[in-house]
Each structure stands twice: as C-alpha cells, then as structure tokens.
Amino acid sequence: MEFKVFDLGLVNFAKVWLWQKEIFEEVKTGLLPAALILCQHYPVITLGRSAAKENLKVPEAELRNKGIQIYAIERGGDITYHGPGQIIAYPIFNLGHLKKDIHLFLRQLEEVAIDFLSDFGIHGKRYSGLTGVWIDKQKIASIGIAIRHWITFHGLSINIKNDDLDNFDLIRPCGMDIEMTSLETVLGKNMAIDNLKENLIRKFKEIFLIQEVCDGQSSLTRIR
Amino acid sequence: MAKVVLPELGEGIDKATVSYWYFKEGEKVNEKDDLVELATDKATFNLPSPAAGTLSEIFFHEGDTVNVGELLATIEE
C-alpha cells in the first residue's frame with residue numbers, strides 16, 4: 001500500500017478536523033490510497049465519545065480566557081489536550097487493505113510511538129487496558145481514533161516539548177489522574193518538532209509496511 | 001427483514017459499546033447509511049445499514065454493551 005504525507009504545520013484543530021474528512025472521502029473513493037497527516041495544534045481540548053464532562057476541571061469560560069478551544073468529537077476515548085508542543089499524526093488508512101482488526105491498529109499506533117522513542121534510547125511501555133505509551137507511570141503518547149467503512153481517522157499525539165504540558169492540569173486526561181511527560185523532559189534537552197517528522201514518517205512505513213507516494217518531487221506537501 | 005448484527009472486529013474483541021444511533025425506530029434508512037456508532041477501547045466505528053427500509057426495532061441503546069454476533073436491530077424491507 002502507498003500513502004501520501006501531508007505536513008500541515010501548526011494549525012487550528014477545527015481546520016484539520018474538516019481536512020481529515022476531505023481526505024477520508026478521497027481514500028474512500030480510491031482517489032488516494034492512504035494518507036498520513038502530520039501537524040501541531042493551537043491549544044485545544046477534545047472530548048471523545050466516552051468523555052465525562054467532570055473530567056474538565058475548569059469552567060469553559062476559563063478555557064476561553066486562556067484561548068483554548070474545546071470540541072466534542074467522534075473519536076474513541078475520553079478527554080485530552082493538544083498543543084503546539086505535540087507532534088500529531090492522523091493516519092487515514094483503509095484497514096480493508098491492511099487488516100480489519102481495530103485493536104491491532106491501536107497496538108500498531110502504540111508501536112509507532114514506542115519505536116520513535118526507542119531511536120532516542122527511551123523505553124516506551126504499554127499497560128494492558130490503558131491504550132497509549134508510557135514512560136514508567138507517566139504518559140507520553142495518546143491515541144484516539146474513529147473508523148468508518150474500515151477507514152481510519154484521528155490518531156496519535158506524542159508530547160515533545162515542555163512548554164504547554166501544564167495545560168494537561170486543566171483536565172483529567174482519559175478520565176484518569178495521569179501525569180504527562182514529554183520527550184524534552186525525558187531527554188533533558190530542547191527538541192525541534194520539525195526535525196522529528198521524518199523519523200515519525202519512517203516508523204509508519206516500517207510498522208505498516210507502506211510506501212510513500214512519490215510525485216517526482218518531495219511528497220511532503222505543505223498545505224496551509 | 002434484514003438483521004443488523006455486530007460483526008467480527010478483530011482478534012480478541014468480543015464486545016463493543018453502543019455510542020450513537022443515527023436513526024430512531026420507525027425512521028427510513030437507505031442501504032449503506034451509517035446506522036449506529038459503537039466504541040471499543042480508544043476507537044469508534046460505524047455499522048452501515050445492510051438494507052433499505054424502516055428501522056423497525058433497536059435492541060441495544062446508547063451505553064449498552066453488545067457481544068459480537070448479537071442482534072442490534074432489525075430493518076423492515
């Protein structure tokens with residue numbers, strides 16, 4: 001299977017939410033074989049289908065004052081936060097062309113994050129029943145997906161920078177009292193997200209055994 | 001009458017939770033319309049309607065857990 005990479009840079013969640021659905025339609029109709037969207041989000045809190053309102057620890061007005069948007073969306077899972085310090089990957093894959101196994105796909109997304117971290121000498125762990133990737137008791141990567149007609153959207157976020165980790169204090173991530181960590185925290189040095197994108201793309205290729213579409217030019221298309 | 005049954009969703013997945021019905025009992029549906037959304041682990045997925053007709057009976061409602069192979073609803077063709 002081939003896939004096309006879209007690097008959107010730092011964008012509003014709502015814009016990419018719509019963009020995902022457009023790409024989803026292209027994959028559904030076969031116009032695109034598969035796609036991987038990479039981006040970072042301006043501060044946003046999203047509520048998955050199993051989110052309980054009490055897991056937002058502050059009034060919505062306070063979020064507005066802080067310039068944090070909030071959306072209830074169709075992905076699985078509870079509440080989470082996204083900000084510019086995370087690298088986000090939205091794979092729009094047709095599982096009909098891979099394997100029609102929802103949990104296998106979740107485990108493969110965890111594997112992408114674990115292998116990505118392992119290149120930095122970091123041992124990312126899974127805990128049974130707690131989808132995501134952890135460094136000891138702290139969470140570094142979060143996963144929440146939606147599948148329609150066996151085509152996936154939403155996806156994986158990995159905490160890279162320290163800057164906005166504090167915003168996780170506004171919520172009970174995944175409905176639990178979880179402490180979050182980041183690649184910068186674990187390594188104790190600054191990391192530039194732009195330098196990590198190719199690493200992440202490579203992990204998707206290795207785990208899902210897929211090839212990047214080559215247009216004759218770079219297939220890393222930047223769309224604003 | 002067409003049956004809406006929870007299909008195989010992958011190895012080791014024996015149940016899912018109904019998260020959203022797109023139609024109410026008595027409403028007309030087309031074949032392949034998204035009928036119901038379910039959740040398992042950190043994923044949601046949709047079941048399409050197997051036939052065109054009227055959604056005659058819903059057996060599992062939002063928040064209910066359904067086992068693979070169980071009857072979720074019936075469509076009167």
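Let's start where chain A and chain B meet: the contact takes 19 residues from chain A and 15 residues from chain B. Keep in mind, please, that this is a predicted model. Which elements of chain B give two or more residues to the side that touches chain A? They are strand E4, residues 34–40, and strand E5, residues 43–48. The largest share, four residues, comes from E5(B). If you sort that side of chain B by class, you get five nonpolar, six polar and four charged residues.

Strand E9 of chain A, residues 138–148, pairs with E5(B) in the parallel sense, over three bridges. To find one spot in that pairing, click on Ile145(A): its bridge partner in E5(B) is Ala43(B).

One step along, we come to Ala146(A), which also belongs to strand E9 of chain A. Is Ala146(A) buried or exposed? Ala146(A) is buried, because 24 C-beta neighbours lie inside 10 Å, and 20 or more are enough to count as buried. Leaving aside neighbours within four places in sequence, the contacts of Ala146(A) include Glu74(A), Arg75(A) and Gly76(A), along with Phe153(A) and His154(A). There is also a contact in the other chain, with Thr44(B).

Next, two residues with a backbone angle worth a look. Most residues other than glycine have a negative phi. Asp41(B) is not a glycine, but its phi is positive, near 55°.

Cys174(A) sits in the loop of chain A between strand E10, residues 151–159, and strand E11, residues 179–180. Cys174(A) is buried as well, with 23 other C-beta atoms within 10 Å.

Let's turn to a pair of helices in chain A. Two packed helices are described by the angle between their axes and the distance between the axes. For helix H3, residues 102–118, and helix H5, residues 197–208, of chain A, the angle is about 130° and the axes are 9 Å apart. That angle makes H3(A) oblique to H5(A). The crossing of H3(A) and H5(A) is right-handed. Who meets whom? On the H3(A) side, Val112(A) and Phe116(A) are among the residues involved, and on the H5(A) side, Leu200(A), Phe204(A) and Ile207(A) are among them. By class, the residues of this contact divide into six nonpolar, two polar and four charged.

My last stop is a sheet in chain A. It is an open sheet of three strands in the order E4-E3-E5, with mixed pairing. Why is one side of E4(A) and of E5(A) left without a neighbour in the sheet? Strand E4, residues 69–72, and strand E5, residues 79–82, stand at the edges, so each has a single partner strand. From one strand to the next, the twist averages 20°. Strand E3, residues 44–47, pairs with E5(A) in the antiparallel sense over four bridges, and Leu47(A) stands opposite Ile79(A). Finally, helix H1 of chain A, residues 13–29, packs on this sheet and touches E3, E4 and E5 of chain A. The direction of H1(A) makes about 30° with that of E4(A).

Note on methods:
Residues are numbered from 1 along each chain as its sequence is written. Chains are lettered from A and ligands numbered from 1 in the order in which they are written. This is a predicted model: local features need pLDDT of at least 70, side-chain atom pairs count only at pLDDT 80 or more; totals for chains, interfaces and linings use all residues. Two residues are in contact if their C-beta atoms, placed from the backbone, lie within 7 Å. Ala, Val, Leu, Ile, Met, Phe, Trp, Tyr, Cys and Pro count as nonpolar, Asp, Glu, Lys and Arg as charged, and the others, Gly among them, as polar. Two strands pair if DSSP finds at least two bridges between them. A residue is buried if 20 or more other C-beta atoms lie within 10 Å of its own, exposed if 12 or fewer, and partly exposed in between; C-beta atoms are placed from the backbone. Axes are lines fitted to C-alpha atoms, for helices over the stretch in contact, and angles run from 0 to 180 degrees between N-to-C directions. Angles under 35 degrees count as roughly parallel, over 145 as roughly antiparallel, 65 to 115 as roughly perpendicular and the rest as oblique. A crossing is left-handed if the near helix is turned anticlockwise from the far one by less than a right angle, and right-handed if clockwise.
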